[in-house]
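Please consult the sequence and the structure shown here before reading on.

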Amino acid sequence: MKAYHDQEWGVPLHDDRALFEFLMLEALQCGLSWDLILKKREALKEAFRGFDPLTIATFGECDVTRIMATDGVIHSERKIRAVIKNARAYLAVAKEYGSFDRYLWGYTKGKTLFYKGHGTGTLPTANGLSRAISRDLKKRGFSFVGPVTIYSYLEAVGVINDHDESCPRYQALFSLSDAVWADPFEES
């Protein structure tokens, strides 16, 4: 967990393959602990062929069976099928916008949102932005992308910086991003 926090979580991410991987890890995590997902990450990455959406979009029944029989993965047929379905939807969004990066970061005009509130414990688990993106992704055919999952995803890929202001990563990430202050409870 420490390595993930110190090296990946919250770093503004713009690589489409990596954005898909992070979104699918969040989707696979629904109802499970993040620690479990990190422990299974390498097995999941191997089973889903590096989380390449182009490859996953071609998966069929034999791939579902193969993944279900793979040690070290999440053995949920619904989630495995959702990753395949999401890959197809992801590619459609990327085609429409030129990249998934443009679609996602377009919501904030390329800026990372910083919220004040750690000191008072008032940070939400979902907000107007995560609800808007969740609604849109669901309309586009995505599964396991509720507003709480999307909020967590936005934190993970650096759209939202929810590091505590006393955390050494907070300032490091603040300096890496085109940041704006936002109200964590704003609605879209």
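Which residues in α5 meet which residues in α6? Glu61, Val64, Ile67 and Met68 of α5 meet Glu77, Ile80, Arg81 and Ile84 of α6, where contact means heavy atoms within 4.5 Å. The model is predicted: local features need pLDDT of at least 70, side-chain atom pairs count only at pLDDT 80 or more, and totals for chains, interfaces and linings use all residues. Residues are numbered from 1 along each chain as its sequence is written, and side-chain values use heavy atoms, with hydrogens and water left out.

**Helix pair α5 and α6**
- The axes of α5 (residues 61-68) and α6 (residues 77-97) come within 10 Å and cross at roughly 135°.

**Ser130**
- Ser130 lies in helix α8 (residues 128-139).
- With 0% relative accessibility, Ser130 counts as buried (under 20% relative accessible area, 1.4 Å probe, protein chains only).
- Beyond neighbours within four places in sequence, Ser130 is in contact with Pro147, Ile150, Tyr151 and Leu154.

**Tyr103**
- Tyr103 belongs to helix α7 (residues 100-106) and is buried, with a relative accessible area of 3%.
- Residues up to four places away in sequence aside, Tyr103 touches Val93, Tyr97, Ile133, Asp136, Leu137 and Arg140.
- The C-alpha atoms of Tyr103 and Ile133 are separated by 9.9 Å, the two residues being 30 residues apart along the chain.

Note on methods:
Axes fitted to C-alpha atoms, helices over the stretch in contact; angles between N-to-C directions. Helix = DSSP H or I, 4+ residues; strand = E, 2+ residues; numbered from the N terminus. Buried < 20%, exposed > 50% of the residue type's maximum accessible area, 1.4 Å probe, protein only.
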